[in-house]
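Take a walk through this model with the coordinates open.

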Amino acid sequence: MISDTLNTATRRLNAARTPYAIATVIRTVGATAAKPGARALILADGTISEGWIGGGCVRGAVARAAQSALAEGTPRLISIQPDEDLTAQGLTPGEHHQGRDIARNGCPSKGAMEIFVEPVLPRPELVILGASPVALALATLAQPFGFDITTPDTQPDSGPLPAANHARMVVIATQGAGDLDALRTALASDADYIGFVASRRKFTTLAARLDATPETLARVHSPAGLAINAVTPEEIALSILAQIVQHRRQGQRQT
């Protein structure tokens with residue numbers, strides 16, 4: 001069971017949308033400092049923030065596994081063993097074998113342990129700029145898909161979007177009410193996806209008024225959404241959401 005201290009820390013990190021990992025000792029053999037059930041909270045830089053899973057013999061391996069888990073968004077299982085056990089099995093520290101990351105235990109205790117490292121990533125953010133019918137339909141349709149939906153003001157004095165340490169998708173559905181301001185806001189952000197609800201001709205016209213390089217403008221999907229012959233605001237919202245899902249899952253291994 002997670003201690004009160006760990007619970008408090010995870011609530012704080014979740015509220016701040018900060019990624020972290022939870023490492024849990026699930027098996028030990030021989031003499032080990034930590035026992036099954038021991039847990040620790042690990043930050044993105046590999047620092048153990050709360051909890052305890054053992055001394056210096058395991059911290060390096062756990063830190064590396066946590067950083068890999070957070071970068072890939074998938075859990076890791078570490079098997080930490082003394083040299084003689086690794087040699088007997090023909091294993092090498094650093095290799096991935098049968099679903100486990102193999103690591104060396106150089107401590108005099110010569111114990112072995114397995115540690116499960118689970119990444120906890122902030123929910124992806126969907127920023128919708130505009131209050132058009134498409135914007136409203138998209139905000140409603142996207143709710144069951146695990147997005148944190150935000151609809152900031154897009155007026156010139158509203159300022160840029162804050163930096164994000166999580167996946168961020170920006171959809172511009174202003175439809176004539178502040179298009180240029182919204183485009184500037186989106187292009188100045190660290191968005192992973194930018195969609196503009198407009199025709200290619202309109203975007204080309206507006207792009208000529210932006211002080212942006214071709215590489216920067218190429219970040220914008222316009223018209224936003226997959227080509228499904230959408231007509232109504234709800235259908236257009238569906239096509240945009242489908243494109244966002246496609247963009248997010250691109251490159252992920254299929255199972």
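Predicted model: local features only at pLDDT ≥ 70, side-chain atom pairs only at ≥ 80, totals over all residues.

Is Arg168 buried or exposed? Arg168 counts as buried, at 3% relative accessibility. Arg168 forms a salt bridge with Glu125, with 2.9 Å between the closest N and O atoms. Arg168 belongs to strand S10 (residues 168–172) and Glu125 to strand S8 (residues 125–129), so the bridge ties together parts that are 43 residues apart in sequence. Glu125 is buried as well, because its relative accessibility is 9% and the cut-off for buried is under 20%.

The structure holds ten salt bridges. Another of them joins Arg104 to Asp83, where the closest N and O atoms are 2.8 Å apart. This pair also links distant parts of the chain: Arg104 sits in strand S6 (residues 100–104), Asp83 in helix H3 (residues 83–89), and 21 residues separate them. Arg104 is partly exposed, with a relative accessible area of 45%. Asp83 is partly exposed too, at 31%.

Now look at Arg76 and Glu72. Their side chains meet in a salt bridge of 2.7 Å, N to O. The two partners fall into separate classes of accessibility. Arg76 is buried, with a relative accessible area of 17%. Glu72 counts as partly exposed, at 48% relative accessibility. Elsewhere, salt bridges form a network that links Arg17, Arg123 and Asp148.

Next, the helices. Start with helix H4 (residues 133–141) and helix H8 (residues 233–249). They pack at an angle of about 55°, and their axes are 8 Å apart. That angle makes H4 oblique to H8. The crossing of H4 and H8 is right-handed. Which residues of H4 meet H8? From H4 come Pro133, Val134, Ala137, Leu138 and Leu141. From H8 come Pro233, Glu234, Ile236, Ala237, Leu238, Ile240 and Leu241. The contact of H4 with H8 divides into eleven nonpolar residues, no polar and one charged. An α-helix has 3.6 residues a turn, so residues three or four places apart point the same way.

In H5, Asp179, Leu180 and Leu183 make the contact, and in H6 they meet Lys202, Phe203 and Leu206. The residues of the contact of H5 with H6 divide into four nonpolar, no polar and two charged.

Thr185 is buried, with a relative accessible area of 13%. Not counting residues up to four places away in sequence, Thr185 touches Leu129 and Leu161. Thr151 lies in the loop between strand S9 (148–150) and S10. Thr151 counts as exposed, at 54% relative accessibility. From Thr151 to Leu91 is 60 residues in sequence and 52 Å in space, C-alpha to C-alpha.

Last, the backbone. Most residues other than glycine have a negative phi, and most peptide bonds are trans. Where does this model depart from that? Gln98 is not a glycine, yet has a positive phi of about 50°. Gln98 is placed in the loop between strand S5 (96–97) and S6. Gln98 is exposed, with a relative accessible area of 67%. Gln175 also has a positive phi, near 50°. Its loop runs between S10 and H5. Gln175 counts as partly exposed, at 42% relative accessibility. The peptide bond from Ser222 to Pro223 is cis, with omega near 0°. Pro223 lies in the loop between S12 and H8.

Key
Residues numbered from 1 in each chain as written. Heavy atoms only, no water. Salt bridge = Lys/Arg side-chain N within 4 Å of Asp/Glu carboxyl O. Buried < 20%, exposed > 50% of the residue type's maximum accessible area, 1.4 Å probe, protein only. Helix = DSSP H or I, 4+ residues; strand = E, 2+ residues; numbered from the N terminus. Axes fitted to C-alpha atoms, helices over the stretch in contact; angles between N-to-C directions. Parallel < 35°, antiparallel > 145°, perpendicular 65-115°, else oblique. Left-handed = near helix turned anticlockwise from the far one by under 90°. Contact = heavy atoms within 4.5 Å. Nonpolar A, V, L, I, M, F, W, Y, C, P; charged D, E, K, R; others polar.
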